[in-house]
Amino acid sequence: MRKNKIAISFALSMVLMLVSLGCMAQQIKADAQTDREMTGDPIFSHALYYNGMVEYEGEMIPSFTYADVYVFKKLVFKNAKQAKKYYNIANNIKKVYPIACEIQRTVERTVAHLDSLPTKKEKDAYIKQAEKDLKAEYYPKLKKLTFSQGKLLIKLIDRQCEMTGYQLIKKYMGGFKAGFYNAFASLFGASLKKEYDAEVDDRMTERAILLIESGQM
């Protein structure tokens with residue numbers, strides 16, 4: 001119970017800071033069917049965009065654009081433990097990624113409005129109100145996250161916003177608060193300075209994200 005409370009407190013604090021501103025066999029293959037069995041139905045549908053009518057070989061026909069489809073080499077896991085780790089990541093992403101996207105949009109709106117305010121007094125008042133609004137909006141979602149999902153959310157925010165939590169806080173709230181909140185996060189084994197690394201450390205996470213956001217997983 002204590003661990004759950006810590007996870008809730010940490011995840012909620014992180015978001016508020018940012019916007020204040022089954023048995024598996026050996027040699028499991030991560031194909032589309034296995035992905036669906038292990039992670040459930042896709043949370044996003046594959047996007048299709050209508051572009052209007054275009055001329056083709058003398059006739060007017062409807063034109064559509066499909067979102068990207070990703071084709072990866074099948075993953076082959078050495079053992080059940082390795083497979084479980086990958087699918088735990090994928091399941092966590094399905095829960096956390098939509099929140100990271102919401103936070104990205106919220107940060108963009110908040111920063112745009114904040115930059116439009118002419119005085120420090122107006123900026124401070126806006127940030128104070130934003131904290132209250134975000135607590136009401138995000139608390140019901142964040143209280144359901146585990147600690148590992150909260151740590152994943154930190155990295156996904158860096159992926160979506162192209163700035164770490166520490167950088168966002170430092171830019172809009174100052175270096176002192178950025179250091180304070182990062183020290184708070186470190187008490188629970190996390191870091192707001194943690195960067196998302198799609199090429200090395202988070203390669204498997206990036207694979208899962210691409211499949212999830214394209215509606216393939």
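**Reading the model**

Modeller: Arg159 and Glu213 form a salt bridge, with their closest N and O atoms 3.8 Å apart. The model is a predicted one.

Biologist: Which helices hold Arg159 and Glu213, and how far apart in sequence are the parts that the pair ties together?

Modeller: Arg159 belongs to helix α5 and Glu213 to helix α8, so this pair ties together parts 54 residues apart in sequence. Glu213 is partly exposed, at 30% relative accessibility.

Biologist: Which residues are joined with Arg159 into one network?

Modeller: Glu206 and Glu213 are, through salt bridges that share partners. The salt bridge between Glu206 and Arg159 has its closest N and O atoms 2.9 Å apart. Because Glu206 lies in helix α8 and Arg159 in helix α5, this pair ties together parts 47 residues apart in sequence. Glu206 is buried, with a relative accessible area of 15%; the cut-off for buried is under 20%.

Biologist: How many salt bridges does the structure hold?

Modeller: The structure holds 5. Another of them pairs the side chains of Asp41 and Arg36, at 2.7 Å from N to O. Here Asp41 counts as exposed at 52% relative accessibility, while Arg36 is partly exposed at 48%. The cut-off for exposed is over 50%, and Asp41 and Arg36 fall on either side of that value.

Biologist: Where is Glu162 found, and is Glu162 buried or exposed?

Modeller: Glu162 is in the loop between α5 and α6 (165–173). Its relative accessible area is 67%, so Glu162 is exposed. Phi of Glu162 is also positive, near 60°.

Biologist: What should I read from a residue within a helix, such as Ala130?

Modeller: Start with its place and its cover. Ala130 lies in helix α4, which spans residues 120–142, and counts as buried at 8% relative accessibility.

Biologist: How many helices and strands does the protein have, and in what pattern?

Modeller: There are 8 helices and 4 strands. Along the sequence they follow the pattern α-β-α-β-β-β-α-α-α-α-α-α. Of the 217 residues in the protein, 40% are buried. The accessible surface comes to about 13,100 Å², and carbon and sulfur atoms account for 54% of that surface.

Biologist: Last, the largest pocket. Which residues lie nearest its centre?

Modeller: Ile89, Lys155, Asp201, Asp202 and Thr205 lie nearest the centre, out of 21 residues in the lining. About 460 Å³ of space lies in the largest pocket. Helices α3 (80–116), α5 (147–161) and α8 (203–213) each supply at least two lining residues.

Biologist: How do the lining residues divide by type?

Modeller: The lining of the largest pocket has 8 nonpolar, 6 polar and 7 charged residues. Helices α5 and α8, two of the helices that supply this lining, are also the helices that hold Arg159 and Glu213.

Definitions and conventions:
Residues numbered from 1 in each chain as written. Predicted model: local features only at pLDDT ≥ 70, side-chain atom pairs only at ≥ 80, totals over all residues. Heavy atoms only, no water. 1 Å grid on protein atoms, 1.4 Å probe; cavity = no way out; pocket = protein on both sides within 12 Å on 5 of 7 lines; lining within 4 Å. Points joined across faces, edges and corners; volume = space filled by probe spheres on them. Nonpolar A, V, L, I, M, F, W, Y, C, P; charged D, E, K, R; others polar. Buried < 20%, exposed > 50% of the residue type's maximum accessible area, 1.4 Å probe, protein only. Areas by Shrake-Rupley, 256 points an atom, 1.4 Å probe, with all protein chains shown as cover. Salt bridge = Lys/Arg side-chain N within 4 Å of Asp/Glu carboxyl O.
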